[in-house]
Amino acid sequence: MYKYNDFDEAFVRERVEQFRGQVARRIDGSLTEDEFRPLRLMNGLYLQLHAYMLRVAIPYGTLNPSQMRQLAYIAERWDKGYGHFTTRQNIQYNWPKLEDVPDILSALADVEMHAIQTSGNTIRNVTADHFAGAAADEIEDPRPVAELLRQWSTDHPEFQFLPRKFKIAVTGSPNDRAVTRAHDIGLRMVRNDAGEPGFEVIVGGGLGRTPMVGKVIRGFLPKADLLPYVEAVVSVWNLLGRRDNKYKARIKITVHEHGLEEIQRLVEDRFAELRPAFGGVDQDLLTQIEAQFAQPHYVAKSTAAFDAARAANPAFRSWSDTNLAQHRTDGYAIVTVSIKKHGATPGDATADQMRVMADLAETYGHGELRISHEQNVILPHVHKSDLPAVYQALRAADLATANVGLISDIIACPGMDYCALATARSIPVAQEIATRFDELKLEHEVGPLKIKISGCINACGHHHVGHIGILGLDRAGVENYQITLGGDGTEDMVVGDKTGPGFAYDEITGAVERIVLAYLEVRTSAEETFLQAYRRVGIGPFKAALYEQGEEADAA
């Protein structure tokens, strides 16, 4: 895990004190809100529906126990006792007072954290596979590269006033858990014919009002060329990107308007100019960074306690079936802690829960935690012999819901409960759907199914790539929810198909239920997932269930 050097420490502290002075001038009236707005956005502070919101960066989703405890302290000291983990692997505080924000940023700096470039038209927090460094299918841990990109992009003088925000995601696995094809730049580690690791470079992905699947601009890029190549991409877009229309400013529109071949030509020309200028300095820095991401010292122990607990405790067996993933090291497992208890707000964790997870990481998890873009928390390195104890501690903290990857493990943006941009509620919809399927006791029978909900067209809930996607809109002052089906956020990314007219707030849960029951009718076996069945039979049976059965229910 990366540790700040003297420069990092001084830089973050200086930014805190700069912002402290800016806040003081806003409070005494020396700065108007219009003048203050770009300054607060540079430090991750938004003005939402009811209060300010502070978005804290968790670079590539990696935390240590001290950092998690500090997030808990901040939640209690300056907020309402909880934080919200986001699809950008960040955490948001929804209720800070403006005068307290500099103290919050100072408290973050105490544990090597900050809120820099979590907003504004800059390169945002670099995200990564939440199983990075632990996954059995991984070629290499991508987090050193993500850290290199973070250092390069932070306060980069050329890229502080881009045409629009810019997002980068990286994965070290051929199985994409980082949604790389939905990013401005996606980096997916692959091997060439000689077996050397490098990156497939994807550009022009994105969701929002114009969802687009990213296109491969380089099939294989050597690791040594990564930084100058990424800089070439951003540099080309910074010149070409439209500043006359923010809805057409993202690189996905630039690629669409100019064509991939032209963008590729311009990037390669710029790359040829930049590459010699780096002179290997980036590789020296990468070598230093890589040394801080050494694998934990794994221990060899019996897994008999794990096997016995599975045999004796059905609840533990159910949890271990859904919430564990294969680790690269025999005897270990990756634990996903569900922050999606049925009826709870997806992604919200209390201060007490944060402390429990920090303690478990320290005691059983080699001191590491990860935040996933799916709004859960990961303990990436837990020996199987310790899993019964981990489970019991999670259960006591209301964190042992056995639903990871199932229908109640819903991604949802804050929606109209908090966000000034939202046009519909997301959180209550997610809560009602999760509660309904818990009551029906169907979600384990249904199996893997990803529901994603956004409260506006900005798509912070990633609804376009949900197996079932839900988009909340305002229709003449009334909430209306559109449904898409068949979306996929993996390496085979597909944008979901629109089913037809939307549904009212009080109809959407019933509509989802009809979709799921239709799936159970058409699947060929319990092993055929929702996505597989949808690809086999198409949208027809689901549209019939949604609209024809819905009309019959209304008539009855």
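A polar contact is a pair of N or O atoms within 3.5 Å; within protein, one atom must be able to donate a hydrogen and the other to accept it, and residues adjacent in sequence count only if both atoms are side-chain atoms. The model is predicted, so local features need pLDDT of at least 70 and side-chain atom pairs count only at pLDDT 80 or more, while totals for chains, interfaces and linings use all residues. Residues are numbered from 1 along each chain as its sequence is written, and side-chain values use heavy atoms, without hydrogens and water.

**View 1. Surroundings of Arg523.** The loop between α16 (508-522) and α17 (530-537) holds Arg523; helices (H or I, at least four residues) and strands (E, at least two) are DSSP runs, numbered from the N terminus. The side chain of Arg523 reaches the backbone oxygen of Glu445 at 3.0 Å. Arg523 is buried, with a relative accessible area of 15%; buried means under 20%, exposed over 50% and partly exposed in between (1.4 Å probe, protein chains only).

**View 2. The five-stranded sheet.** Five strands form an open sheet in the order β3-β14-β15-β12-β11, with antiparallel pairing; two strands pair if DSSP finds at least two bridges between them. Because β3 (62-63) and β11 (324-326) stand at the edges, each with a single partner strand, one side of each is left without a neighbour in the sheet.

**View 3. The pairing of β3 with β14.** Strand β3 is joined by two bridges to β14 (residues 369-371), and the two run antiparallel. Leu63 stands opposite Leu369 in β14.
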